[in-house]
Amino acid sequence: MDQIASNIGLLIDYPVVNLKIIIDGVMIGALFALAAYGLALVWGVMNVKNLAQGDFVIGGGYVSWWLVKNVGLHPLLGVPAAFVVMALLGGALHGTPVHQWARSQKKPMIIVSLVTGFVFIVATYLGDSAGSIAGYAGMVLTILLIINGGIYNLVISRVIERDLFTSLLATFGLAIMGAQIMNLLFGSDTQSLDLGYDTLYFADGLIDIPIAKLIGVIMAAALATVVIIFMKRSRMGQAIRATAQDARAARVLGIDTEKVYAFTFSLNAAICGAAGAIIVMVWVIQPFYGITYSVRAFVIVTAAGLGNLPGVIAAGLGIGAAEQYGSHVFGIGYQQAIAVMLLLAVLVFRLMQQKRNRQVLQ
Amino acid sequence: MKLTSITLAVGAMMASTAIASAADCETITLGSAISLTGKYATNGVHAKNGYEFAIKKIDEAGGIKFGGKCYNFNVIYYDDESKGDRGATLAERLISQDKVQYMLGPYSSGLTKAIAPVTEKYGIPMVEAEGASRSLFNKGYKYLFAVLSTSEQYLASAVTLAGEKAVEGGKTAGDVKVAIAVENDPFSLDIRAGVMEDAAKLGMKIVIDEKLPRDLSDMTAILTKVKLVKPDLLVVSGHSKGAATAVRQIGEQKISTPMIALTHCEAADVTGNFGAAANDILCATQWSETLSYSDPIFGTAAEYEVQFKAAYPEYASKKVPYQTAQASAAVYVFKDAFERAASLDKEKVRDAIAATDMKTFYGGIKFSEAGNNIAKPMVLRQIQDGAYNVVAPSAFASHKVNWPRKTN
Amino acid sequence: MSVQKTGLYAALLIFIVASPFVFPTFGVQLGTLWLMIIVAMTWDMTGGQMGYNSLGNIFFYGTGMYVAALISIALVYDVGEYTGASGGGRYDFTDAQYFTGFVLGTIGAGIFCALSAFVIGYVTFGLRGPYFAIGTLGVAIAAGELVSNWDWVGGGQGITLPVYPGDLDEGKIFIYFAYAITGVLLFIFLNWLYKTRFGAAINAIRDDEEKAEAMGVHTMRYKLVTWAMSAFFIGVAGGISAFQLISFEPLESAYQTINLGIFMVVCVLLGGKGTLWGPIIGAILFQIFKEVTWNYFLGWQWVALGALIVVTVVYFQDGLMGWLRTTRPEWFGLTVDERDDDAPQTAAAAGEGAK
């Protein structure tokens, strides 16, 4: 209690701190908003509630981290790289000529990837340099097999039409697998990339904005803008929106909804991946951190509602700020609890709204 | 993994019997459930290497000699997957199926907590090297002995140091303001309890007392507070991720606290990852190769490091972790106890362990009634231009502490 | 009851009583198996029979653990002092104190959980479909986080309970029978409940809640009572689990949302939702799968487990019982017409199937 009182006292004594908290909150909130935006997309278009959202984020982070550490890529280029790799994993090639070719070569593909995968595991296990080269080959081919359908084809396409609980559980299984595979591939230590950029200071050093963070937020904003314009202007964007409104009508009008679904899902994975690549530059990642981002994404989407893109972004920023305020006042230990309590509050609020609507109807 | 550990165990067994027949020594079998997979795997392997290295050194020095005969150690290992319930099951398997009479500890306080009730029940003496939580030593266990210092001592010298600096600066220790941010898990909370107690003794004020969540990736909220209340000492403990996040954001936010103390700096490799941001940060460690301890088997601490690196080339480019050194020390305690007990009877061995009072390369070892080692202090190292230098306690210090911290 | 069925149940009962003595080395695993069976059956009460898929039943497990531990401590010592004593102080329990604590603690845990199910249910049962799942999951996560910040109950340190006072093997058998008795009572209770009007009412809620309401079923009341009954048994199981684990902490052992919290759902789906024997068979299959992967796929066991969840949910959602029902309808007899015989027939058939 004393602690809470003195924490509130600090806010009053140093008003500029409020600004600092909001800035910090908006910065982390921008990344929550990206993950939530992707979730709103798959939820709205395909009615899939993706609990593996956070693991896509962390996956993107590791893609970027691995490329920077092993290939020497510049961390900023890790963002587009993670975008592409996660899109492929998600199933971006589903239905394209590459996919069709891979499909016609199924047997040799499986054999090759099994053999190289085995070599890769043994080599990694023994940890010698010759093996690591074989490991690269194994990895590449394994990914090729994954391209042959991707996560979309293997799992998601089979839960779209199913009842509401199925997609929650199926993606939860994916989340467990994803986290553990990352743990096995990259180890359980926390990782981050240091850009080595300076920090900007304002107001007597009370407000600090690391340039890396600033770049991260700008990239997030740019990505969001591009996606929004794409959804509005492009052919595919229109098809996605049409499918979201009425999948059957869209099919009747000649839209290949299967392709739309695959595209939407891989777009979501790609957005998450890019968010993860930004996170690894600015904060830290660890294989089991995914759930944090999944929870935030669900809070935001539930609060903002589907199909309300500006709402999703606003809610993302707001939740970031609310969490920072909460952890300032109650202590950082309550951060996760605050996010979840917000979710419950939103649900209860919605419920009461519904009840009122029902009464009005009566 | 399991297969390899079995092959390793079999291999070790064969090797030891081969040597034994050559040197006409008999075998004393120890048992250990240790984390070879799971979240503690890295440190579990460090500990296992420490055990194996010590067994080899003791063997080379002529084995354990009493009653006109000589003996060598052999350890049966199982993989506990870093899980408590698994560890307890395996301890039982070691005792009831493999008929092990003496145990070496697992890695981490949590695992030790899970195994101790089992060994206690069967009256099996266990010398452990990796469980530091004080909650292990208030249960009245009679068969549990720990060679390492308990976790509340990790940062005790940092608190003392902060008090001394305040006095030097013309203030009193009571003027010192302390900020604490520890992870919400048994080990780190124990560290917090220790810092709180020491600070209370010196009359210091705790101005910030926060618990870090387990999925911590951002502690700006705490650091903003630190900027406002300006403490004289900031303590952060949250395993590797706590150290990494803290060092990174302390650098970014230009925190000007004159003294900052962490745990797990080496594990998080803060010097390698964050360079200059880590400068002048204090780090707690159980053991440092620069200390002047020595014993007849391993030589000095520095010699231990050199020999260990020769035996395990994969450590060549890094520091030999203190987890390895203390594991070796635990085996050494068994050797000493067997020789003094001059018997294989587990009760006599237990009494001999309880009466241990020896000097080793790892430091003095003497157990309290509760089973923890009271003869060895923790040391505090400071990162000075990328190197870890011992700065406290003053009896062991090789360098002077840089105070206040330079902020770049 | 036919002779055949009586014989089957008697054989099962003998097997249950004898197994800890026949397989003494598996004492701990057998206890855990019962835990899985109990939580799977209780999850099926709301998830399978009533159509409300909760992801937050683990809340009652964790709360049960804490309530049982706190009651057994509070009977003898001051709780704040006990949990705060990380640094010093010793607390011993006499035999009598241990057993009174155990009995009162586990039963108290059940009652407390049932009451809290009323409170939580009152709010969350307004939510439908995935929102109910997300909402209950939220409750469980929030509870874990709050408890881990609550120093009076030990915070992130958790609680360490006294060890069983007698011989260690005897302790394992004691825990096994505590679980087994709870499990058998739960089975008898559900076997009776699903055949009553009450069972029909909650099935009606699952099939169409609006229609059920229109038929005059007080849906909210039924939903709350069902959840409270299921919470009671999970709470008791959690309480026993606290005494089995001895030392537990909030996030990884008590409110373990992503372990046991999901495992129980997978068990039910594996065995077959909405059947009496499905959850039991599912729990046994799941436990075997888990033990095998944990032993032979070390390191990859979680990947295998995730794959199992995905495969079960995506390709095999009707579970073993559902699959049997479609491939071997004759085992289920005249299930369509003789509603009354449905459950027992299913039971007997599953027994045969399991062999």
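Trainee: Okay, Asp207(C): is it buried or exposed?
Mentor: Keep in mind that this is a predicted model. Asp207(C) counts as exposed because its relative accessibility is 57%, and the cut-off for exposed is over 50%.

Trainee: Which side chain does Asp207(C) meet in a salt bridge?
Mentor: That's Arg206(C), with 3.3 Å from N to O.

Trainee: And how accessible is Arg206(C)?
Mentor: Arg206(C) has 34% relative accessibility, so it counts as partly exposed.

Trainee: Why would two side chains pair up like that, in general?
Mentor: Side chains of opposite charge can pair when their charged atoms come close.

Trainee: Which residues get joined into one network by salt bridges that share partners?
Mentor: Lys20(A), Asp24(A), Asp208(A) and Lys227(B).

Trainee: Let's pick that apart. Where does Lys20(A) lie?
Mentor: Lys20(A) is in helix H2 of chain A, which covers residues 16-46. Asp24(A) lies in helix H2 of chain A as well, four residues from Lys20(A), and that is about one turn of the helix.

Trainee: How far apart are the N and O in the salt bridge of Asp24(A) and Lys20(A)?
Mentor: 2.8 Å. The two side chains are also joined by a polar contact of 2.8 Å.

Trainee: Buried or exposed, those two?
Mentor: Lys20(A) counts as buried because its relative accessible area is 2%. Asp24(A) is at 5%, so it is buried too. The limit for buried is under 20%.

Trainee: What is Lys20(A) in contact with, leaving aside its neighbours within four places in sequence?
Mentor: In chain A, Lys20(A) is in contact with Leu206(A), Ile207(A) and Asp208(A). From chain B, Thr224(B) and Gln253(B) are in contact with Lys20(A).

Trainee: Now the chain B end of that network. What does Lys227(B) form a salt bridge with?
Mentor: Asp208(A), and the closest N and O atoms are 2.6 Å apart. The count between chain B and chain A is one salt bridge. For residue pairs in polar contact, the count between these chains is ten.

Trainee: Which elements of chain B give two or more residues to the side that touches chain A?
Mentor: Strand E8 (205-212), helix H7 (220-229), helix H8 (239-253) and helix H10 (270-274) of chain B. H8(B) gives the largest share of that side, with nine residues. By type, the side of chain B that touches chain A divides into 13 nonpolar, ten polar and 13 charged residues.

Trainee: How many residues does the contact take from each of those chains?
Mentor: 36 from chain B and 37 from chain A.

Trainee: And what's the area buried between chain B and chain A?
Mentor: About 2,900 Å², with carbon and sulfur atoms giving 50% of that. Leu228(B), Arg248(B) and Glu252(B) supply 23% of the area chain B buries against chain A, more than any other three residues.

Trainee: Which elements of chain A give two or more residues to the side touching chain C?
Mentor: Three helices of chain A: H9 (164-186), H14 (290-304) and H16 (335-361). H9(A) has the largest share of that side, with 14 residues. The residues on the side of chain A that touches chain C divide into 27 nonpolar, six polar and five charged.

Trainee: Last topic, back to salt bridges. How many turn up over all chains?
Mentor: A search of the whole structure finds 22. One in chain B is formed by Glu152(B) and Arg134(B), with the closest N and O atoms 3.3 Å apart. That pair links distant parts of the chain, 18 residues apart.

Trainee: Where do Glu152(B) and Arg134(B) lie?
Mentor: Glu152(B) is in the loop between strand E6 (144-146) and helix H5 (156-168) of chain B, while Arg134(B) is in the loop between strand E5 (126-128) and E6 of chain B. Both Glu152(B) and Arg134(B) are buried.

Methods: Residues numbered from 1 in each chain as written. Chains lettered and ligands numbered in written order. Predicted model: local features only at pLDDT ≥ 70, side-chain atom pairs only at ≥ 80, totals over all residues. Heavy atoms only, no water. Contact = heavy atoms within 4.5 Å. Buried area = accessible area lost by both parts, 1.4 Å probe. Salt bridge = Lys/Arg side-chain N within 4 Å of Asp/Glu carboxyl O. Polar contact = N/O pair within 3.5 Å; in protein donor to acceptor, adjacent residues only side chain to side chain. Nonpolar A, V, L, I, M, F, W, Y, C, P; charged D, E, K, R; others polar. Buried < 20%, exposed > 50% of the residue type's maximum accessible area, 1.4 Å probe, protein only.
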